[in-house]
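Please read the report below alongside the sequence and the 3D structure.

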Amino acid sequence: MIDTYLIPLIKVLFVLNATLVGVTYMVLLERKVIAWVQVRLGPMRVGPYGVLQPIADAIKLILKEDITPTRADKWVFTAAPIIVMVPALITFAVIPFGPSVNLFGREIPLYITDINVGLLYIVSVASIGVYGIILGGWASNSKFPLLASLRASAQLISYEVAVTMTLVSLIMTAGSLSMVRIVESQYEMNLWFIFVQPVAFVLFFIGGLAETNRAPFDMAEAEQELTGGFHTEYSGMRFALFFLAEYANMIVVSAVATTLFLGGWLAPFPNVGWLNFLEFIPTWMWFLLKTFVFLYVFLWVRATLPRYRYDQLMRLGWKVLIPVAIANLIVTGIVKVIL
Amino acid sequence: MGEAIAFYVIAALILGFAVLVVSTKNTVHAVLFLVLNFLAVAALYVLLTAQFLAVIQVLVYAGGIVVLYLFVVMLVNLKRPPEDHSAPQRHPWVGFALSGVVLAQLAAILLFGGFGAATDSSVAQNSDLALNNVERIGMLLYTDYLIPFEVASMLLLVAMVGAIILAKREL
Amino acid sequence: MITPTHYMLLSAALFMIGVAGVLLRRNIIVIFMSIELILNAVNINLVAFSYQLQNGIGQVFAIFVIAVAAAEAAVGLGIILAFYRNKETVNIDEMNLMRW
């Protein structure tokens, strides 16, 4: 009774809270990192070193007037931000933060659940997130958001194909769809998958950038393009939900990349004896460190690279990433058969 | 007990959303109800321990095919509002009555047709189908049913080429 | 106890809802969506039997049905788009160009 209901519930509440707080502070982290790249300081006034800035932003957005356009489709207009946010959050149900720990005399695994189709579950849930973008643009009943949302969703479904093919070659290397099994197979192979499948890593990262509508692929929501993209008509908390959903998607892609390529909760070089002092850092702390590395690279890329034009973006997705992913798949298959 | 509750709830959702798909006047709402219907069917597959098929249902059906429908609905809805005027000589109640009669016939066959619990053990080949679902399906697809698998890939290629040619503005 | 008869009844009901949609609606996109409902009803039947007999063939067949449904949806929607470009309607009563 306790094991099947209470402990997963506590884990769910914990992960949800941690994710939402993390997403809120990602806003501050982005502004700070981009500021430091541009040799300025970023938010410094609210709280010491600007630490309370997200709280000020949240209060401002909650107190803003909630406008619904007159001829907008009410239910769909309200549901669109929710449909974007929910898939980002429920992906955390299968991401493993660590192996089992012993708390209060019970063996508690540090993941909410481990289903035998974990990786495919993440991909399928991500494809549900496309609906929120399409419906957000449609329900605004206005030309520019509709065009921007169609552009954004076409970008998302194109890069989904490339990312899924990349993940198939990774599944062939690991031999299982379960996320915990993938981390354990990296442990058994004594090599993180980033060294076994470097091409897949690059493809997954580029695809992840495009999937989350992050620079340099953020044509759909940049302020200079199409008057603000698919969330033009949204204000107040609904806009905040779109905004936070993008950061939640970033955290999800970083967490999935950590699990698949950087060995999840594993300390580096687990088989080298004299590096065993690294085991003092707990497993979940390694996971968080690696995820933060990816998040930092996301922000770094945004601060540095110029934006892709839409046709260049689609050409990259269809004519470059998909053939490279298929070639990677073929090479992985051949190597698996030979070795 | 839990399985029965889950089945009845999911079945109610499936049938409810299906009725809403067929009866809503606004086409975009009908497409959204179709998505919810497919998600409920995926939940039913999980109940039937077909986990791989459940995620494939969400990924392909709800996340791919219905997005396609949504795009087309948006493109054809731009000019005029959806209208469902019926010709004056059409009587929709005939259609309802016919469907109801056929459903009653099917139900009668199923309930009184004398179908026993067919536990023909010679058919059961994969005893660990629920636990190693992906491995068993993969083995079947690549050994016994390899030819239908390859034919399905040809079919998808042909459909892709056909859809591109049909939807282009000028050839 | 949920016997396969329950699943077959659910499948039959979903099938008939799909058939009613095909017969009664005039919007061709809704007709296509009702066809998808029919295919889903068949899939539920296949997976229910696969569960009862513990044989994976039902699920494999259901995967093929999903692949065929995807191909059919793509081509069908392409046809609808091509037709819409010429005649500006999605009402199936007005799609009678061949009848002259």
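Chain B has six helices and zero strands. Helices here are DSSP runs of H or I with at least four residues, strands are runs of E with at least two, and both are numbered from the N terminus. From the N terminus on, the order in chain B is α-α-α-α-α-α. This is a predicted model, in which local features need pLDDT of at least 70, side-chain atom pairs count only at pLDDT 80 or more, and totals for chains, interfaces and linings use all residues. Residues are numbered from 1 along each chain as its sequence is written, while chains are lettered from A and ligands numbered from 1 in the order in which they are written.

The domain assignment of chain B gives domain 1 (1–80) and domain 2 (134–171). Such bounds come from an automatic or database domain assignment. The C-alpha centres of these two domains of chain B lie 23 Å apart.

Of the 171 residues in chain B, 32% are buried. A residue counts as buried if 20 or more other C-beta atoms lie within 10 Å of its own, as exposed if 12 or fewer do, and as partly exposed in between; C-beta atoms are placed from the backbone. Two residues are in contact if their C-beta atoms, placed from the backbone, lie within 7 Å. Among contacts in chain B with a separation of 6 or more, 53% join residues 24 or more positions apart.

Chain C has three helices and zero strands. Its elements run α-α-α from the N terminus on. Buried residues account for 56% of its 100 residues. The C-alpha atoms of chain C fill a box of roughly 55 × 25 × 20 Å along the principal axes. The radius of gyration of chain C is 17 Å, whereas a compact globule of 100 residues would have one near 13 Å. That radius is taken over C-alpha atoms, and the globule rule is 2.2 Å times the number of residues to the power 0.38. In chain C, residues 24 or more positions apart make 47% of the contacts with a separation of 6 or more.

V42(C) sits in helix α2 (residues 28–53) of chain C. Is V42(C) buried or partly exposed? V42(C) is partly exposed, because 17 other C-beta atoms lie within 10 Å. V65(C) is 23 residues from V42(C) along the chain, and their C-alpha atoms are separated by 8.6 Å.

In chain A, helix α4 (residues 118–139) has 22 residues. The expected span is 1.5 Å times one less than the number of residues. α4(A) is mostly covered, with 22 of its 22 residues buried.

Next come the contacts between chains. Two pairs of chains touch, and chains B and C make the most contacts. No contact joins chain A and chain C; their closest C-alpha atoms lie 15 Å apart. The table sets out the two sides of chain B. Nonpolar means Ala, Val, Leu, Ile, Met, Phe, Trp, Tyr, Cys and Pro; charged means Asp, Glu, Lys and Arg; the others, Gly among them, are polar.

| Side of chain B | Residue classes |
|---|---|
| Touches chain A | eleven nonpolar, four polar and no charged residues |
| Touches chain C | 55 nonpolar, eleven polar and five charged residues |

The contact with chain A takes 15 residues from chain B and 15 residues from chain A. On the side of chain B that touches chain A, α2 (27–47), α3 and α5 (133–142) of chain B each give two or more residues. α3(B) gives the most to that side, with eleven residues.

For the other pair, 71 residues of chain B are in contact with 61 residues of chain C. Here α1 (2–23), α2, α3, α4 (92–112), α5 and α6 (146–167) of chain B each give two or more residues. α3(B) again gives the most, with 13 residues.

The largest nonpolar core has 176 residues, and among the members that touch the most others are A248(A), V31(B), V66(B) and M33(C). Such a core is a set of buried Ala, Val, Leu, Ile, Met, Phe, Trp, Tyr and Cys residues joined through C-beta atoms within 7 Å. Helix α3 (residues 51–77) of chain B gives the most to this core, with 17 residues. Domain 1 and domain 2 of chain B each supply at least three residues to this core. Leaving aside residues up to four places away in sequence, V66(B) touches V31(B), L34(B), V35(B), F38(B) and Y61(B).
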